[in-house]
Amino acid sequence: MKTLKSLKKLMTLSILATIAMSAFTLSSTSNHAEAATAKTLALISEGKNYLGVPYQYGAPVGITYAFDCSSFTKFMFAGLDVNLPRTASEQAAVGKKVPKTELSTGDLVFFRTNGISISHVAIYAGSKKILHSSTSQGVTVSDMSSSYWNTKYVTARRVLN
């Protein structure tokens, strides 16, 4: 009987030690991205209402029947009282720079699709997904870790607190 109690106590201590080590390991290896907020989740949810809206280069800001990449981000963030500049390269200069490993839902992510300079902007939607206006699909959600987007990534900026 005493051996059974000792065994139970040893197993309990072993389980607690395992849990503690797991928590320590997870906290020391995870990235430090901020969790999605109600505001950023609402931004992504609202943006998804425009899925399929066609791409139009130079689309005027404020219209919703067509977007280019930066008119889409400018339009979406205007709904949160954030006034972004008009072009992707100008938008890449605002807010706080964020390392790729610390992306958070609602961050702006920038890509070099023309081979020369920043030429595309998207909204980070979490889980390595981006919400953006694509030349081929209009407003869509894409996998940022795909071979295409992964090789074109340049930087990210956080414009929401």
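Against which elements do the buried residues of H2 pack? In this predicted model, in which residues are numbered from 1 along each chain as its sequence is written, local features need pLDDT of at least 70 and side-chain atom pairs count only at pLDDT 80 or more, whereas totals for chains, interfaces and linings use all residues. Side-chain values use heavy atoms, with hydrogens and water left out. The buried residues of H2 pack against H3, strand S3 (120-126), strand S4 (129-134) and strand S5 (138-143), where contact means heavy atoms within 4.5 Å.

The secondary structure of the protein comprises five helices and six strands, helices (H or I, at least four residues) and strands (E, at least two) being DSSP runs numbered from the N terminus. Read from the N terminus, the order of the elements is α-α-α-α-β-β-β-β-β-α-β. Of the 161 residues in the protein, 36% are buried, a term applied under 20% relative accessible area, with exposed applied over 50% and partly exposed in between (1.4 Å probe, protein chains only). Among contacts between residues at least 6 apart in sequence, 54% join residues at least 24 apart.

Two packed helices are described by the angle between their axes and the distance between the axes. For helix H2 (residues 38-48) and helix H3 (residues 69-78), the angle is about 125 degrees and the axes are 10 Å apart; the axes are lines fitted to C-alpha atoms, for helices over the stretch in contact, and angles run from 0 to 180 degrees between N-to-C directions. H2 and H3 are therefore oblique to each other, given that angles under 35 degrees count as roughly parallel, over 145 as roughly antiparallel, 65 to 115 as roughly perpendicular and the rest as oblique. Leu43, Glu46 and Gly47 of H2 form the contact with Phe72, Met76 and Phe77 of H3. By class, this contact of H2 with H3 has four nonpolar, one polar and one charged residues, where Ala, Val, Leu, Ile, Met, Phe, Trp, Tyr, Cys and Pro count as nonpolar, Asp, Glu, Lys and Arg as charged, and the others, Gly among them, as polar.

Within H2, the buried residues are Thr40, Leu43, Ile44 and Gly47. Seen down the axis of H2, these buried residues fall within an arc of 90 degrees, so they line one face of the helix; the arc is that of the directions from the helix axis to the C-beta atoms. Leu43, which is in helix H2, is buried with a relative accessible area of 3%. Leaving aside neighbours within four places in sequence, Leu43 is in contact with Met76, Phe77, Leu80, Gly106, Ile123 and Leu160. Leu43 and Ala125 are 82 residues apart in sequence, and their C-alpha atoms are 9.1 Å apart in space.

In H3, eight of the ten residues are buried, so the helix is largely enclosed by the rest of the structure. These buried residues are Cys69, Ser70, Ser71, Phe72, Thr73, Lys74, Met76 and Phe77, and what covers them includes H2, H4, strand S2 (108-111), S3, S4 and S5. In the loop between H3 and helix H4 (88-91) lies Asp81, which is exposed, with a relative accessible area of 77%.

Most residues other than glycine have a negative phi, and most peptide bonds are trans. Asp81, although not a glycine, has a positive phi of about 60 degrees. Lys128, in the loop between S3 and S4, has a phi near 65 degrees, likewise a positive value in a residue other than glycine.

Lys128 is also among the residues touched by Met144, as are Lys100, Leu103, Val109, Phe111, Tyr124, Lys129, Ile130, Trp149, Asn150 and Tyr153, not counting residues up to four places away in sequence. Met144 is placed in the loop between S5 and helix H5 (147-152) and is buried, with a relative accessible area of 5%.

Towards the end of the order of elements, Arg158 is in strand S6 and counts as buried at 14% relative accessibility. Val159 lies in the segment after strand S6 (153-158) and, at 17% relative accessibility, also counts as buried. With residues up to four places away in sequence not counted, Val159 touches Phe77, Val82, Leu84, Val94, Gly95 and Leu108.
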